[in-house]
Amino acid sequence: MRNRSRSLAALLVAPLVLVLSSCSASELPRLGLPEAVTDNGHRTLSLWQGSWVAALVVGAFVWGLIIWSVIFHRRRGEHIPAQTKYNVPIEILYTVVPFLIVAVLFYFTARDESAITKISPKGTAVHVIHVNGIRWSWQFTYEDLPANTVVTGTPEHAPTLYLPLGERVRFDLTTTDVNHSFWVPSFLMKMDMIAGRTNQFEVTPEKLGTYAGKCAELCGRDHSLMLFNVKVVPAAEYMQIVNTLKGSAA
Ligand SMILES: [Cu+2]
């Protein structure tokens, strides 16, 4: 009996660990997520795919047990099968295995979350953009420039946020009024803008293009109009473009 429960546990946990630690993101479908356009986005995508694979492995194991019971232990005549209780190895197994599954998922989530929210040490060359949420639009301050260029959008005119391809950008997130949330779906992450504090995260854009951004926190009447665009431009043109924004409204 002990051998059998040990091999059952191994059967369940081994593929989970193997799959989560060795899966290659590019070989799997994105399972509903948009294409990642930043370094951090790939990490989020791998975590998402790994969680799906883990869920499918566990699911297949459970479905297998159900089908096995239905087929091989179905009712045969009037004979009542042997009634057993207090099967300690099985009870330990179904207590320990879910704990292990949660522990594995927790480990990978915590590892990726701390990597994604990591801020470069002081003095490292990064562009800093201060993003401020206002009911109901966005204000981008490019702190690279001596006279910080400020672009303020309106609900009627969504502002554009310019980012340099392949260079590290830090966002300093604040809000003038209520809580908002800075969300660019193609980054595969979002971060809240909390009244009275500054939240930060960094990305390195890896793909040229224009991406949609929006507020992900129900912040009031015109929340749905709180939109912006992100334009990833070649690094050589970035400063030039940002310079031309000086003095423009949005
Ligand atoms: Cu908002």
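This briefing describes the helices and strands of one chain and how they are arranged. The structure is a predicted model, in which local features need pLDDT of at least 70, side-chain atom pairs count only at pLDDT 80 or more, and totals for chains, interfaces and linings use all residues. Residues are numbered from 1 along each chain as its sequence is written. Helices (H or I, at least four residues) and strands (E, at least two) are DSSP runs, numbered from the N terminus.

**Helices α2 and α3**

- Helix α2 covers residues 39-72 and helix α3 covers residues 88-116; their axes come within 10 Å and cross at roughly 175°. Axes are lines fitted to C-alpha atoms, for helices over the stretch in contact, and angles run from 0 to 180 degrees between N-to-C directions.
- The two helices, α2 and α3, are therefore roughly antiparallel to each other. On the scale used, angles under 35 degrees count as roughly parallel, over 145 as roughly antiparallel, 65 to 115 as roughly perpendicular and the rest as oblique.
- Residues of α2 that meet α3 include Leu47, Gly50, Ala54 and Val58, and those of α3 include Ile101, Leu105 and Phe108. Contact requires C-beta atoms, placed from the backbone, within 7 Å of each other.
- The contact of α2 with α3 has eight nonpolar, five polar and two charged residues. Nonpolar here means Ala, Val, Leu, Ile, Met, Phe, Trp, Tyr, Cys and Pro, charged means Asp, Glu, Lys and Arg, and the others, Gly among them, are polar.

**UniProt record**

- The unreviewed UniProt entry places the feature "transmembrane region" at residues 49-71 and 92-110. UniProt positions follow the numbering used here, feature names are shortened, and annotations may be inferred rather than shown by experiment.
- Residues 49-71 are 100% helix and 0% strand, with end C-alpha atoms 32 Å apart.
- Residues 92-110 are also 100% helix and 0% strand, and their end C-alpha atoms lie 27 Å apart.

- Alanine 125 sits in the loop between α3 and β1.
- Alanine 125 counts as exposed because it has 7 C-beta neighbours inside 10 Å. The classes are buried for 20 or more other C-beta atoms within 10 Å of a residue's own, exposed for 12 or fewer, and partly exposed in between, with C-beta atoms placed from the backbone.
- Glutamate 167 is 42 residues from alanine 125 along the chain, and their C-alpha atoms are separated by 8.9 Å.

**Strand β5 and its partners**

- Strand β1 (residues 127-134) pairs with β5 in the parallel sense over seven bridges; two strands pair if DSSP finds at least two bridges between them. Asparagine 132 stands opposite threonine 174.
- Strand β8 (residues 199-203) pairs with β5 in the antiparallel sense over five bridges, and valine 169 stands opposite valine 203.

**The five-stranded open sheet**

- Five strands make an open sheet in the order β4-β10-β9-β6-β7, with mixed pairing.
- The edges are β4 (160-164) and β7 (189-193); each has a single partner strand, so one side of each is left without a neighbour in the sheet. The twist averages 25° from one strand to the next.
- Strands β4 and β10 pair in the parallel sense over five bridges, with leucine 161 opposite valine 230.
- Four of the five residues of β4 are buried.
- Helix α4 (residues 235-245) lies across β4 and β10 (227-233), at about 145° to β4.
- Strands β6 (residues 180-184) and β9 (residues 209-215) run antiparallel and are joined by two bridges; phenylalanine 182 has cysteine 215 as its bridge partner.

Terms used: Contact = placed C-beta atoms within 7 Å.
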